[in-house]
Every structure is written in C-alpha cells, then in structure tokens.
Amino acid sequence: MRLKFSYVLAAGLAAGIGLWMYSGTYVIGGREDSADATPPPSERQEKTADALFRVQVSTLSATERQPVLEIRGRTEAEAKVEVRAETAARVVERPAVEGNQVSKGDVLCILDKGTREANVLEAKAGLAQAKLDHSAATQLSSKGFTAETRVAALQAALDAAQARVEEASMELDRTVIHSPIDGIIQSPMANVGARLNVGDVCATVVETDPMIAIGQVSETDIGLISKGMDAEVRLISGQSMSGTVRYIAPAADPETRTFRIEVELPNKEGIARDGTTALTRLKLPTQRAHKISPAILTLNDAGELGLRGVNDDQVTVFYPVKVLGGGDDGIWVGGLPDTVRIITVGQDYVTDGQKVEPVLKTAEVAQ
C-alpha cells in the first residue's frame, strides 16, 4: 500500500506543475512586462558603455621659478707655496711661527752665513783691482803706449770681477729666506739647528685671501654658467660666503666628462679654510614652470615621463615633461602649457585619447 501511495503522490505533483505552467501566470526574469525584471545582457552592456570613466582633475598654472644649480666641491687656497732653501746651510734663526700671518718679504728662516761675507769682501777687492788695471791701461792706450788688445783683456777681467761680486752677494742673500706671498704659515717649519740643503723646505705659506671654491659641472649644465656669475657658497661649518665665478675649464675631464669651475671668495677674515667641503649655489635665469606632486607623474606607452591631462573636449592628452628640480613640497617640471588641466586621480586607469568625465577633487571619483 505504501508503494502505491508514492506513485499516486508523484503523479499528482507532476500534473499540478504541468497545469500551473500551462496557465502562464508565472514571471520569467528579464521579460519586459515584469516591473522587477533584470535587463538582458545586451542592454546592460549598452548602459555601461554610455557611462564615461570619472577622473579627478586639477588646473595648474605656470609660475616664475628661480632655478639654482648646486655644485658640491671643496675650498682651495689661492696659493700654497713651499719656500725652499737655495743654498745649503744650518738654520740659526727662525723669526716666523706656524699659524702666524706673514706678508710678502717677511723673513722666515735665517741660515748660517759661514764664509759668504768673506767671499763678498774678497770679490769686491778683486773688482777694485780690476778697475785700477783697466783705468791705467786705458790711459796708456790713449797715448799710444799700450796695445788695444791689452785694454780689451783688462775690460774682460773687470767684467768678470763684477760678476764675482754679484754672485758672492747673491749667495750671501740666500742665507735669509723671505716669504714670496702674503699668507699664513703652515706647520711644520724647519727647526733651528737643522741643516737645509738646496731644495729643502723652510716653511709653507698658504694664501687664504681670496679663497677658491672649486667643483665639477656636468656637460649638460656647463652651458648655463658664465664668468662673473654671482655665487653663494655654503661651507660644511654652516657659514655662507658670496663670490663670483672666475674660471670655467675650456675642456672636460676625459674620465668624468665634467668641467672644473672656480668661484672666488673674499676671505679677509679667514672664515674659509683650505680643503673643506663646500656647496656652491649658482642662480640661473628665471623660467616658467609648474610645481606638482611626484605622485601624479606617469609613463606613456613609449616609456616617456609625463602627465595626463584633459582637453576642452574631455579627451585625455599626454604631456611629456622634464623634471627641473624639487624640494620637500613637490617638484618643478617644464614642458607644459601655461594653464592646463591635469588628471590627479585615475591617470593610470585611462589611455591617451580616451573620453572621460572630469570631476573636481571634492567629487566622488571612480577608480
């Protein structure tokens, strides 16, 4: 009995479902006559295509920018002279002291004169004798008692005696070593009692006024620099000095392809010292540029760096740019029109030439 009841129940359900479907009172999803119906896929695609992609835009205007070229380098003394002995002798006196300022002509070292003073006296005596002999021969020759050849020989002897006096005097003068320039004496100096041979250093004099700030400039920037340009030099100590460009190398270093420049700095107070790290800043001609956030930079299909903007027809445009410099609050770029609408959000989700819906920053933006 149980088995027959199952058959009867199944047959009844099948007949009921068939009758319900035949009556046509059911709702098919997607039919036009149903208020809750879902549009067919073809209509959904048309509505999606009609909706433009929304991007956030901002209007940028160019401003005057004062570009500054920064050159890292070091300071260098105007002159550094190793004052060497020109004769061999022992140091008997040293009037100069390391670290002191000296002027041109000041005595640095005094050497033992030895027999040099006696040599000068001997040379002078020989000169006096040569003058007497030449004078006598000249008088006799005028009266016909002496040949002209003897007068010529005595003239040669007189000239040689004069040369010996000058040589002996110069040798005596070499025992006193003078500073050839104004500057500061650098340690070490020759000690009293030490023997100096020809070429040995008595003292080193460093001329610190003016001081020179040197640096290397790349071949792409060297054309922006000219002699006489004003420069600001910041020392590693934190002090700043003003100067002017006095030298630009006519040829590049073959290894680095950079050019040496020199900035002359008045240094009467001795603020700058030789060989310290220095940052030279050169103000270049003003230019019109835009300051932007680096986050809105993007690349096009060719790999060029630039910005995507929107023109008056709401079509995206790619603007290649050149980075001119930067700071903590953004970077400066060139190559844009004076006034331009730039995509600030969504620039990486659109392609060049695509029509979009630009919205302000406060509006909701589709990502």
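Is glutamate 76 buried, partly exposed or exposed? Glutamate 76 is partly exposed, with a relative accessible area of 25%. Here buried means under 20% relative accessible area, exposed over 50%, and partly exposed in between (1.4 Å probe, protein chains only).

**Before you click**

This is a predicted model: local features need pLDDT of at least 70, side-chain atom pairs count only at pLDDT 80 or more, and totals for chains, interfaces and linings use all residues. Residues are numbered from 1 along each chain as its sequence is written, and side-chain values use heavy atoms, with hydrogens and water left out.

**Stop 1: salt bridges**

Select Arg74 next to glutamate 76. Arginine 74 forms a salt bridge with glutamate 76, with 3.4 Å between the closest N and O atoms. A salt bridge is a side-chain nitrogen of Lys or Arg within 4 Å of a carboxyl oxygen of Asp or Glu. Side chains of opposite charge can pair when their charged atoms come close. Arginine 74 is partly exposed, at 38% relative accessible area.

Now widen the selection. Arg74, Glu76, Glu78, Arg246, Arg260, Glu262 and Glu264 are linked in a network of salt bridges.

Move to Arg84. Its salt-bridge partner is glutamate 82, and the closest N and O atoms are 2.4 Å apart. Arginine 84 is partly exposed at 41% relative accessibility. Glutamate 82 is partly exposed at 43%.

Then pick Arg94 and Glu98. They form a salt bridge with closest N and O atoms 3.6 Å apart. Arginine 94 is partly exposed at 24% relative accessibility, and glutamate 98 is partly exposed at 27%. The count of salt bridges comes to 19.

**Stop 2: the largest pocket**

Select Pro67, Asp221, Leu224, Leu284 and Leu324. Of the 14 residues lining the largest pocket, these lie nearest its centre. On a 1 Å grid over the protein atoms alone, a pocket is an open set of points where a 1.4 Å probe fits, with protein on both sides within 12 Å along at least five of seven lines; lining residues have an atom within 4 Å of a point.

The volume of the largest pocket is about 320 Å³. A volume is the space filled by probe spheres set on the points, which are joined across faces, edges and corners.

Colour strands S3 (68–84) and S19 (322–327). Each supplies at least two residues of the lining of the largest pocket. S19 gives the largest share, four residues. Strands (E, at least two residues) and helices (H or I, at least four) are DSSP runs, numbered from the N terminus.

The lining of the largest pocket divides into seven nonpolar, three polar and four charged residues. Ala, Val, Leu, Ile, Met, Phe, Trp, Tyr, Cys and Pro count as nonpolar, Asp, Glu, Lys and Arg as charged, and the others, Gly among them, as polar.

**Stop 3: the second largest pocket**

Which residues line the second largest pocket? Select Ile184, Ile185, Gln186, Val206, Thr208, Gly270, Ala272, Arg273 and Asp274. About 170 Å³ of space lies there. Strands S8 (183–186) and S10 (201–218) each supply at least two lining residues. The largest share, three residues, comes from S8. By type, the lining has four nonpolar, three polar and two charged residues.

**Stop 4: helix H4**

Select residues 148–173. Helix H4 has 26 residues and reaches 38 Å from its first C-alpha to its last, close to the 38 Å expected at 1.5 Å a residue. That expected span is 1.5 Å times one less than the number of residues.

Show the side chains of Val151, Leu154, Leu158, Ala161, Val165, Ala168 and Leu172. These residues of H4 are buried.
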